[in-house]
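Open the structure in your viewer and keep the selection tool ready. The stops below can be taken in order.

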Amino acid sequence: MSESSFQDDVLGELGPDRLSEIAGLLGTDAAGARETVATTVGAMTGDLRQKADADDDDGNEVRQAFAEVSEPPLRGVATLGGGLLGGGLMAGVLAKVSKPVAAAVSKKTGIPAATVSRVIEMLIPVVLAVFAKRAAAGKGTAAGAPGSAAGAPAAAPAEGGGLGDLLGQILGGGKR
């Protein structure tokens, strides 16, 4: 259920205009676009979890990206041209997983991989925004992201628990 609340947060962040744009790209209605977005986001978060658990360079990169997302944003002049506005390390990680995710979603849904890739390109900034909101909500506040009241336990502090708590806080914590 936690993972679906992450998907719900992404759908909420997308809003009706971008969801309509995705529906047009897919040649479907809003319900079909929602289903494809949910499937794609589920595949992306699953791939990120799997990579984060790996003890290799990819795993290190994903763990660093999550650590970067969980840091408070810079303020003032230092933010010009950097931070999450530029996407940071997490944007690069999401771009790397986009091709295998597109292939997996294409195989599952029958939608051409090139079309799924275009949807993923539209989703990356939205996923980054949800990651940032969830990380910020977990830092010193008990309130979760909008739409996730029954979802992830955002009240648990990230400081004491390491990567597992951080991933749970940002992705929703549902381990498979």
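Predicted model: local features only at pLDDT ≥ 70, side-chain atom pairs only at ≥ 80, totals over all residues.

Is V119 buried or exposed? V119 has a relative accessible area of 1%, under the 20% cut-off, so V119 is buried. The residue sits in helix α5, which covers residues 113-138. Leaving aside residues up to four places away in sequence, V119 touches I22, L25 and L26.

Next, show the salt bridges, of which the structure holds three. Start with R134 and D9, whose side chains meet at 3.0 Å, N to O. This pair links helix α5 with helix α1 (residues 2-26), across 125 residues of chain. Both R134 and D9 are buried.

Then select K133 and E13, a salt bridge at 2.6 Å, N to O. Here too α5 is linked to α1, with the partners 120 residues apart. K133 is partly exposed at 44% relative accessibility, and E13 is partly exposed at 28%.

Move on to K96 and E61, which form a salt bridge at 2.8 Å, N to O. K96 belongs to helix α4 and E61 to helix α3 (residues 57-70), so the bridge ties together parts 35 residues apart in sequence.

Finally, select helix α2 (residues 30-53) together with helix α4 (residues 88-109); their axes are 9 Å apart and meet at an angle of about 125°. That angle makes α2 oblique to α4. Their crossing is right-handed. The contact residues include T39, A43 and L48 in α2, and V97, P100 and V101 in α4. By type, the residues of this contact are nine nonpolar, three polar and three charged.

How values were computed: Residues numbered from 1 in each chain as written. Heavy atoms only, no water. Axes fitted to C-alpha atoms, helices over the stretch in contact; angles between N-to-C directions. Helix = DSSP H or I, 4+ residues; strand = E, 2+ residues; numbered from the N terminus. Parallel < 35°, antiparallel > 145°, perpendicular 65-115°, else oblique. Left-handed = near helix turned anticlockwise from the far one by under 90°. Contact = heavy atoms within 4.5 Å. Nonpolar A, V, L, I, M, F, W, Y, C, P; charged D, E, K, R; others polar. Buried < 20%, exposed > 50% of the residue type's maximum accessible area, 1.4 Å probe, protein only. Salt bridge = Lys/Arg side-chain N within 4 Å of Asp/Glu carboxyl O.
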